[in-house]
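Please look at the structure first.

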Amino acid sequence: MALLQRVAEQGRRVVRFTLDGRPVEALEGDTVMTAMLTNGERLRRTEFADSPRAGFCMMGACQDCWVRTEEGERLRACGTFIADGMRLLSGGEWTS
Amino acid sequence: MSEVLPPVIVGAGPAGIRAAERLVAAGLRPVVVDEAARWGGQIYRQPPDGGFTRPKTALYGFEAGKADAVHRAMAAIRDRIDYRPRTLVWNCEDGALDLLCDGASETLPFSHMILATGATDRVLPFPGWTLPGVFTLGGSQVALKFQGCAVGRRVAFLGTGPLLYLVAYQYLKAGVEVAGVFDTTPFAAQARATTGMLRDPATLAKGLLFVGWLRAHGVPIHNGIRPVRAEGTERVEALVWRDARGQERRTGCDAVAFGLGLRSETQLADLAGCRFRFDEADRAWLPERDGAGRSSVPGVYLAGDGSGISGADAAELAGERAALGLLEDLGRPVDGKRVKELDGRLARIAAFRRSLSAAFPFPADWADAIADDTMICRCEGVTAGAVREIARSGQAREMNRAKALTRAGMGRCQGRMCSATTAELLSRTLGTGPDGVGRLRAQPPIKPLPVSAGAERREVA
Amino acid sequence: MRERIECDAAIVGGGIVGGSAALFLRQAGLSVTLLERDWCGAKASGVNFGGVRRQGRPLEQLPLSQRAHAIWGRLPELLGTDAEYIRSGHLKLARSETDLESLIAYRERSQGFGLGLEIITGEEFRRRWPALGDRALGGSLCPEDGHANPRLVSPAFARAAAALGAVVREQTPVDRVEKDGDRFVLLSGDALEVRARFLLNTAGAWSRRVAEAFGEPVPLESLHPNMAVTEPLPRFLDVNIGVEGGGVYGRQVPRGNVVVGGGRGFALDADRARPQRDAVLTLMRDAAELFPQLRHAHVIRCWTGVEGYTPDRNPVIGPSRTTPGLFHAFGFSGAGFQIGPGVGQTLAELVTTGETPMPLEPFRIDRFPPTA
């Protein structure tokens, strides 16, 4: 279930991306954080405890929202805008 | 040499914009560097380009007029400044800033610089505070203002400070269920402090309106509480809290918006070599500044919440004031009447600000209640017990040593989220005041820097 | 009121050399006072790269380095912590035939010191370290070298010494030092006077003042190795990496962060230094070339320290040539971390027995031509 809830500004163009391989939709102007958290409950799992994280400060200070793409890129989710075709991951890369 | 370099302003919030406006009026062409894609700062943050339609009255409420004025001021000078949005300043060294834009690094020399770096929420930890669904108050406001999103369906508002009631009110207005306002300040303290707040009846009235509105809509407001934990495994399911009488209670919610006032972003001032002092009101080490915003380093000026929390109105005034100080130091003519007016207004805000601190005091005892197994450093997963142990065993008597030995503050955020906690834990374990354990030294890069920037270096013409 | 301490040995400088000397002196039953102007292990000993490496050292250092190697193997027993020390191996890469030849030559020359170097090239090299890309032709592996967390190791030596009864005073700069009869007298402001039969000068980049006080000027300069660490990344590197010819070095800690070093920072003043932007950016470029896995990674912190360098890049170790009872050990020129505890043990030996099997001739303090 989604963590963030849209309460306004829902008339924007739809952007399509994948989240953990699953095709999902967001809206133009969404941050990667909004795009992921309106389609899921977390952004990543932590390196040291494998616990879920979903960001915290939303203004580029806490650095808790770094997410990965399938290509291996790392994005700060609160400060990066979603784009068509992004392939984002929310799982841990540590424990497998 | 110093005359040929344009002045640099870091930050395009109310302080940075008003500073730029004043420098432009004096015929200069400042460089304005800002991490965001659009100007406005956090408080007057503008929605992204592309399809957002809410009017400013919906975004900024009572502050819409001020937000609009600040936005317009920047729009009006846009062509007369060197504006660098989406640009991180990651270092300050030897009279130059290092910028990161579109993955490339660039060095920008300066002779005069105004730091208007703003602030973020000050936080202390409680069990469960890293769960998905726990966000800062400022972040919760950003979600609403910048993205048209609520952080949950049923949100608990926790902490202290003016943002607590404001954001709860904004959420309620946006149609989100507010599970309650959980204010760490005892009711009596707040009531006493309102007397002082009469200096600024408009602000007081707004505060009362928020509270009244929340109450009228059946939102429970609890004073003098302490959080016990946020419950949940994959996300927040409830906030457990202790009421003013010590009774443990549980409130179901799927999000917690949380903050204890604000803390200044001081890393660049530190790297620039500015002298710091401990500020009792902010309970933090801040770069020293004189009435005009001059730091201890010639040519470096400080304005806005980045060098002490004073709010957006003060930031506008301080930005302009710093620009006037800078112009004066350049030997340019300066309107003395305007200087006087700004100084007077800043002094009045400072007095009001003291009452505000009294109304929303930092819950200093909170740190004592943090259980040893509570994670205090979100980045490195350091527990409160580790910091206490390092202090108790005599291994660390100050912040940098505690960082070296425990990793608290060593991660991606460089202590932004944990250093208030570490300072409280250290000082309370050692029995010093909060000023007795020093402050974390800033280290470049002040935010994570892509390794690839090493090969993507843009030379300055 | 000035506090007075009488002891057998006074040590100036609580880095890894001074801290380990204090520990071994206490084990030998001497009374020890260790004075540190900052915090023990907070300077070069505590902020260096963390390589625990014998490979590549000048041959004259290898006996001490081997002695240190044995001590590193006993860390938990000595310090009560492993300080994240891992014998991961140290792999020195060759990027050209010439570099490979010099690695082979070093293996030949260092035979008999017990480093156990293996030259690995071609197919086998790619098979064992697929993560290292194609840039290197091969490398020389010292299987029992490794790395450790300097922030934890270096303070732990002084702490272990204190636990055995050494008097350890931090935030205590030595303002004056002189010899009064058969006693050294050390003053820290008006607060503290230490009198001791022996004096160890292990003050790192700040050692020159003590040496000069006894008429032994040394051409020691302060330099600032530049280092950076990335965010945690999935493990791809199990060895500590150096490159023949120098330039860049790197290791990945078990938590996933990759620590890299190369280039120089700059001094803010005599006590403090900062990474330098050009060095940082160059280091990032070189590190990304060395480790393709860093392509999408971020540097989260850069730092440097203040380290004493001698003209010949060998340390000064051994007895003073002017003053009986005084022993020096400093000027490790960026390579003191691994060897430090071996030097500390040797100093303790010199103090307690007056001699050591370690060959210290190459490290004599009077080997430098007098400066103009």
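This is a predicted model: local features need pLDDT of at least 70, side-chain atom pairs count only at pLDDT 80 or more; totals for chains, interfaces and linings use all residues.

Residues are numbered from 1 along each chain as its sequence is written, and chains are lettered from A and ligands numbered from 1 in the order in which they are written.

The C-alpha trace of chain B spans about 65 × 50 × 40 Å along its principal axes. A compact globule of 461 residues would have a radius of gyration near 23 Å, and the 22 Å of chain B agrees with this; the radius is taken over C-alpha atoms, and the globule rule is 2.2 Å times the number of residues to the power 0.38. Among the contacts in chain B with a separation of 6 or more, 68% are between residues 24 or more positions apart. Two residues are in contact if their C-beta atoms, placed from the backbone, lie within 7 Å.

Chain B has 14 helices and 25 strands. Helices (H or I, at least four residues) and strands (E, at least two) are DSSP runs, numbered from the N terminus. Strands count as paired if DSSP finds at least two bridges between them.

An open sheet of chain B is formed by five strands in the order E9-E17-E11-E12-E13, with parallel pairing. Its edge strands, each pairing on one side only, are E9 (134-136) and E13 (221-223) of chain B. From one strand to the next the twist averages 20°, an angle between lines fitted to C-alpha atoms, on a scale from 0 to 180 degrees between N-to-C directions. Within this sheet, E11 (residues 154-160) and E12 (residues 177-183) of chain B pair in the parallel sense over six bridges. B:Leu158 stands opposite B:Phe182 of E12(B).

E5(B) is in turn joined by six antiparallel bridges to strand E6 (residues 104-109) of chain B, where B:Ser105 is the bridge partner of B:Leu100. The hairpin of E5(B) and E6(B) also has two residues between the strands, with B:Asp102 at a positive phi near 50°.

What surrounds H4(B)? Just after H4(B), B:Gly148 takes a positive phi of about 65°.

In the contact between the two chains, 41 residues of chain B meet 35 residues of chain A. Strand E8 (119-121), E9, helix H4 (137-147) and strand E10 (149-150) of chain B each supply at least two residues to that side, and H4(B) gives the largest share, five residues. The chain B side divides into 16 nonpolar, 15 polar and 10 charged residues; Ala, Val, Leu, Ile, Met, Phe, Trp, Tyr, Cys and Pro count as nonpolar, Asp, Glu, Lys and Arg as charged, and the others, Gly among them, as polar. Strand E1 (residues 5-6) of chain A is joined to E10(B) by two antiparallel bridges, and B:Cys149 is the bridge partner of A:Arg6.

The contact of chain B with chain C takes 24 residues from chain B and 28 residues from chain C. On the chain B side, E4, E6, helix H13 (399-406) and strand E24 (449-450) give two or more residues, with the largest share, three residues, from H13(B). Two antiparallel bridges join E24(B) to strand E19 (residues 298-303) of chain C, where B:Pro450 stands opposite C:His298.
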